Amino acid sequence: MADVTCNGRSYRFPKRPTVVICLDGSEPGYIEAAIEAGVAPTFARFMREGLHTHADSVIPSFTNPNNLSIITGRPPAVHGIAGNFFYDPATHTEVMMNDPKFMRAPTILAAFHDAGGKVAMVTAKDKLRLLLSNKLNYATGRAIAFSSERADQATRAANGIDGVLELVGKPVPEVYSADLSEFVFAAGVKLAERFRPDLMYLSTTDYIQHKVGPGTAIANSFYGMIDGYLAALDRLGCTIVATADHGMNDKHTADGAPDVIYLQTLFDEWLGKDVARVILPITDPYVAHHGALGGFATVHVPDVAAVPGLLDRLWNIDGIEMACAKDIACQQFSLPPDRIGDIVVISERNKALGTSPERHDLSGLDEPLRSHGGLSEQRVPMIANRRVATPLPVPLRNFDVFEVALNRLE
Ligand code: ZN
Ligand code: ZN
């Protein structure tokens, strides 16, 4: 088979099944701690005998922009997904970006499928499924894509497969659970066995990482669970490369309360009520584990001439790591200008950004807040079960992972 080209990058057709994994929210340290605890021998072997390095995620360090970058091999400026939603000033509406119509680039999976390959994709939450499986033609019998969350609803026509629960031998997991991610791996192993995809993408959810930090019993057991499935995929002869969409940090005070800078409140004081509009692109239908508090915000202001003065004010606030105008942010982080506000704000490692206190439902937060979105959650691991044969791209990005898996390993 010839090389496959997608979004200006070229990928070799794999000789053995190749599995790319996005371990949602895998801050460096989780895997090391699980190895230390003796529950992750497969990770330990991969890191010792294969590849272990770090890569930079996309900013905002949120799930959708990064999953879309990984699956297209390009930053948000190319694929268009810069968050869970954006504000359209022309229509004064907040637009959810979970529909494939917002995607401006094809996926690597679709490119391999169109080139005659067998491809599979399993994601934990259904919100990502349509984006990650965009343009797959299930009628060919060479494509399978479904979510753990709606595994029971998969059909041959819409997902390329039915009877997923019977195949996997597990019930549909709760949406807020470690089981949702376990189901992704359990399904991935069954697909590797029975369907033998040339290329497979597995994407988990960061429920555990929002809850607890590296080295805790819960985190160790989660990574221990993953380790077992990696061993199974390895035994099946797969090339495996795992990376993450973003890291995760504590964003609470010493007494466990969320440590939040409420930006809408500040802008209301500065400009008058609701003159500016603060957008938190982490907001989505599943906010229980982070209360829509992350490390990245964009702000729409009616008077762009006011931006420099507003930036000065933001820089003076304790806990703001960066505040810049849209053009600088789009250049620095490769973001789509039409889906970003006039100002981009990023908080420091242990601070979160909110709109105003009454707009955040924190009732679902059973643990002190841990979240992501900023520069402090940009560094993620990249781990493979094979050695590097061709030097890796510098700087290495998490969205180079398909290129690493297909072009750079032994
Ligand atoms: Zn994530
Ligand atoms: Zn998250």
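Biologist: What is the order of the strands in the open sheet of 4 strands, and with which pairing?

Modeller: This is a predicted model, and that should be kept in mind throughout. In the open sheet of 4 strands the order is β13-β14-β16-β15, and the pairing is antiparallel.

Biologist: Why is one side of β13 and of β15 left without a neighbour in the sheet?

Modeller: β13 (277-279) and β15 (320-325) stand at the edges and have a single partner strand each, so one side of each is left without a neighbour in the sheet. From one strand to the next, the twist averages 20 degrees.

Biologist: How do you know that β13 and β14 pair?

Modeller: Two strands pair if at least two bridges are found between them, and β13 and strand β14 (residues 296-300) have 3 bridges, in the antiparallel sense; therefore they count as a pair. Arg 277 stands opposite His 300 in β14.

Biologist: What makes helix α14 a helix that packs on the sheet?

Modeller: Helix α14 (residues 326-333) touches β15 and β16 (343-347), and its direction makes about 110 degrees with that of β15.

Biologist: Which strands stand at the edges of the open sheet of 7 strands?

Modeller: That sheet has the order β4-β19-β10-β3-β9-β7-β8, with mixed pairing. The strands at its edges are β4 (51-56) and β8 (143-147), each with a single partner strand, so one side of each is left without a neighbour in the sheet. Here the twist averages 15 degrees from one strand to the next.

Biologist: How do you know that β3 and β9 pair, and in which direction do they run?

Modeller: The cut-off is at least two bridges, and 5 bridges join strand β3 (residues 18-22) to strand β9 (residues 199-203), so they count as paired. The two strands run parallel, and Val 19 stands opposite Met 200 in β9.

Biologist: What makes β5 and β6 a pair as well?

Modeller: Strand β5 (residues 85-88) and strand β6 (residues 93-96) run antiparallel and are joined by 4 bridges, where at least two are needed, so they too count as a pair. The bridge partner of Phe 85 in β6 is Met 96. The hairpin of β5 and β6 has 4 residues between the strands, and His 92 takes a positive phi near 55 degrees there.

Biologist: Why is His 113 called buried?

Modeller: A residue is buried if 20 or more other C-beta atoms lie within 10 Å of its own; His 113 has 25 within that distance, so it is buried. The place of His 113 is in helix α5 (residues 108-114). Leaving aside neighbours within four places in sequence, His 113 is in contact with Val 119, Leu 136, Asn 137, Arg 142 and Ala 143. Although His 113 and Asn 137 are 24 residues apart along the chain, their C-alpha atoms are separated by 8.1 Å.

Biologist: What makes helix α15 mostly covered?

Modeller: In helix α15 (residues 401-408), 7 of its 8 residues are buried. Among them are Phe 402, Leu 406 and Arg 408. The buried residues of α15 pack against elements including β2 (9-11), β3, α3 (63-72) and α5.

Biologist: Which residues have the most contacts inside the largest nonpolar core?

Modeller: They are Leu 109 and Val 345, in a core of 126 residues. Helix α9 (residues 179-194) gives the largest share of this core, 9 residues. Domain 1 (4-248 + 374-408) and domain 2 (260-371) each supply at least three residues of this core.

Biologist: How many residues are in contact between domain 1 and domain 2?

Modeller: 29 residues of domain 1 are in contact with 31 residues of domain 2. The side of domain 1 that touches domain 2 has 17 nonpolar, 8 polar and 4 charged residues. The C-alpha centres of the two domains lie 27 Å apart.

Conventions
Residues numbered from 1 in each chain as written. Chains lettered and ligands numbered in written order. Predicted model: local features only at pLDDT ≥ 70, side-chain atom pairs only at ≥ 80, totals over all residues. Domains from an automatic or database assignment. Contact = placed C-beta atoms within 7 Å. Nonpolar A, V, L, I, M, F, W, Y, C, P; charged D, E, K, R; others polar. Axes fitted to C-alpha atoms, helices over the stretch in contact; angles between N-to-C directions. Core = buried A, V, L, I, M, F, W, Y, C linked by C-beta atoms within 7 Å. Buried ≥ 20, exposed ≤ 12 C-beta atoms within 10 Å, placed from the backbone.
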